[in-house]
Amino acid sequence: MKRPKEFAELILASLSDGIVIVDPACRVVMLNPAMEEMTGISSRRVVGKPLATLLPKASLIPARVVATLNTGHPFFAPEAEWQQGDGKPFPTSVSISSLMDRAGKNLGAVLVVKDLRRIKELEESQRPGERLNTFGVLAAAMAHEIKNPLLGIRGAAQLLRDELPTDGAREYTDVIIREADRLNALMEDMLDFARPHSLQRTPVNLHQVLDTVIALERQAYELHGMQIKQLYDPSLPDLWADRNRLIQVFLNLVRNAREAMSRGGTLIVATKHAGEPVRIGPGGGPMLLVELTDNGCGIPPEVQQNLFTPFFTTKAKGSGLGLAISHRIVEEHGGRFIIRSVVGQGTTVRVYLPLSLGVTGGSLKEEAAWPRRGS
Ligand SMILES: Nc1ncnc2c1ncn2[C@@H]1O[C@H](COP(=O)(O)OP(=O)(O)O)[C@@H](O)[C@H]1O
Ligand SMILES: [Mg+2]
């Protein structure tokens, strides 16, 4: 094992929460790297200075720290501003605890500082009257709270792994690391789902989007003896869409198909000009259709009702956010999403995307730039 001091330093460095340690006279002893990053101030520059130099003038935090130093009682401030090196304030929450040695002698206090900028941005990025719903705020706050300690757990497991003598024992630390990564990805999905996004539209070649997704998934398919067939209509013009968001949509769908075909099978990815029932898009222009057909397990009727419900999943390790996010992205593009499935035979997911601009955005001039079929 590494020496305890070194170990403690590594953990302090791996935390994504800011840590400030002060002495009994309320002078700064150290900032951890996360706090240095939040404030843009290096620990060395403030060591020995009063805590108040890191805070706006009116801050009550120094007084709270003194109270904790005197009484030993911890204190939590859900909202407290700190100051960056350039004087700009930023929102945080702060917990203050006293530091004592084994004999009960007061050594100072520890402040754990959580950066609330991302959550505040989330709240403020919404138009008035359209603030994040309760679920969104809760999900974002939870994801944020979980991601921080998770990083610490992962970092500690990584250190532990390097100290272990045998591969047998490392299997356990690898489980911790792998599951921490999975949880982290889930938290990212949750933040993504809660975050209101505006689309970054550019001309997008749909076939390039699909090729990118298939290239990412090809190996996993082949590994399990599955195939992907592409049936593209080469006459399709470019879309006016958010390329990265569309990649997200089709990656979710291609993964779902793979997970449904665990016993082997073929996914057919076809593109075409849409016919009925969704031939005409919200802007009055034609629609394109991407059809993903798998011959996997199929979806029972009771599951079909809940496909777009966030967190609804039938998988032991599923997040249940894939279709909810995909559905929303397609709707934001003015498109439609239709799923047909027969248990034991397979599933067809149809994604319709408008060729001209949806009702939600863009000018007529831009619309004219993307040729319609036959023009
Ligand atoms: N192609 C498919 N074949 C069979 N079932 C599917 C398919 N796509 C989605 N599902 C069902 O829909 C559920 C929700 O999917 P999704 O939102 O992507 O979440 P997750 O994949 O994390 O479970 C899945 O758990 C599964 O039961
Ligand atoms: Mg999924």
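**Helices, loops and a ligand**

Author: One thing before we start: this is a predicted model. Leu54 sits in the loop between helix H3 (43-46) and helix H4 (61-71).

Reader: Is Leu54 buried or exposed?

Author: Leu54 is buried, because its relative accessible area is 0%.

Reader: Which residues is Leu54 in contact with, leaving aside neighbours within four places in sequence?

Author: Val28, Leu31, Ile41, Val46, Trp82 and Gln83. Take Val28: 26 residues separate Val28 from Leu54 in sequence, and their C-alpha atoms are 9.4 Å apart in space.

Reader: OK, helices next. How is a packed pair described?

Author: Two packed helices are described by the angle between their axes and the distance between the axes.

Reader: Where do the axes of H8 and H9 come, and at roughly what angle do they cross?

Author: Helix H8 covers residues 206-223 and helix H9 covers residues 243-260. Their axes come within 9 Å and cross at roughly 35°. The crossing is right-handed.

Reader: Which residues in H8 and H9 meet?

Author: On the H8 side, Leu206, Val209, Leu210, Thr212, Val213, Leu216, Glu217, Ala220 and Tyr221. On the H9 side, Arg243, Leu246, Ile247, Phe250, Leu251, Val254, Arg255, Ala257 and Arg258. By class, this contact of H8 with H9 has 13 nonpolar residues, one polar and four charged.

Reader: What about H9 and H11? At roughly what angle do they cross?

Author: Roughly 140°, and their axes come within 9 Å. This crossing is left-handed.

Reader: Which residues meet there, in H9 and H11?

Author: From H9, Arg245, Gln248, Val249, Asn252, Leu253 and Asn256. From H11, Gly322, Leu323, Ile325, Ser326, Ile329 and Val330. The contact of H9 with H11 divides into six nonpolar, five polar and one charged residues.

Reader: Stay on H11. Which residues in H11 are buried?

Author: Gly322, Leu323, Ala324, Ile325, Ser326, Ile329 and Val330 are buried in H11.

Reader: What covers the buried residues of H11?

Author: The cover includes helix H7 (167-194), H9, strand S11 (336-342) and strand S12 (346-354). Following H11 comes Gly334, with a positive phi near 80°.

Reader: Switching to the ligand. How many residues surround ligand 1?

Author: 19 residues surround ligand 1. The closest are Asn256, Thr313, Thr314, Lys315 and Leu323. Asn256 and Leu323 also take part in the contact of H9 with H11.

Reader: Which polar atoms lie by the oxygen atoms of ligand 1?

Author: In the side chain of Asn256, an N or O atom is 2.8 Å from an oxygen atom of ligand 1. For the side chain of Thr314, the distance from an N or O atom to a ligand oxygen is 2.5 Å. Gly322 brings a polar backbone atom, 3.4 Å from an oxygen atom of ligand 1.

Reader: Which residues other than glycine have a positive phi?

Author: Cys26 is one of them, with a phi of about 65°. Phe311 is another, with phi near 70°.

Reader: Where are Cys26 and Phe311 found?

Author: Cys26 is in the loop between strand S1 (18-22) and strand S2 (28-31). Phe311 is in the loop between helix H10 (301-304) and helix H11 (322-332).

Reader: Why does Cys26 count as buried?

Author: Because its relative accessibility is 9%, and the cut-off for buried is under 20%. Phe311, at 35%, counts as partly exposed.

Reader: And Ile299? Where is Ile299 found?

Author: In the loop between strand S10 (287-294) and H10. Ile299 is at 15% relative accessibility, so it counts as buried.

Reader: What does Ile299 touch, not counting residues up to four places away in sequence?

Author: Gln304, Leu307, Ile339, Ser341, Val343 and Thr347. Gln345 is 46 residues from Ile299 along the chain, and their C-alpha atoms are separated by 9.3 Å.

Reader: Last one. What does the side chain of His273 make a polar contact with?

Author: The side chain of Ser235, at 3.3 Å. His273 is in strand S9 (residues 266-273) and counts as buried, at 13% relative accessibility.

How values were computed: Residues are numbered from 1 along each chain as its sequence is written. Chains are lettered from A and ligands numbered from 1 in the order in which they are written. Side-chain values use heavy atoms; hydrogens and water are left out. Axes are lines fitted to C-alpha atoms, for helices over the stretch in contact, and angles run from 0 to 180 degrees between N-to-C directions. Helices (H or I, at least four residues) and strands (E, at least two) are DSSP runs, numbered from the N terminus. A crossing is left-handed if the near helix is turned anticlockwise from the far one by less than a right angle, and right-handed if clockwise. Contact means heavy atoms within 4.5 Å. Ala, Val, Leu, Ile, Met, Phe, Trp, Tyr, Cys and Pro count as nonpolar, Asp, Glu, Lys and Arg as charged, and the others, Gly among them, as polar. Buried means under 20% relative accessible area, exposed over 50%, partly exposed in between (1.4 Å probe, protein chains only). A residue is near a molecule or strand if one of its heavy atoms lies within 4 Å of it. A polar contact is a pair of N or O atoms within 3.5 Å; within protein, one must be able to donate a hydrogen and the other to accept it, and residues adjacent in sequence count only if both atoms are side-chain atoms.
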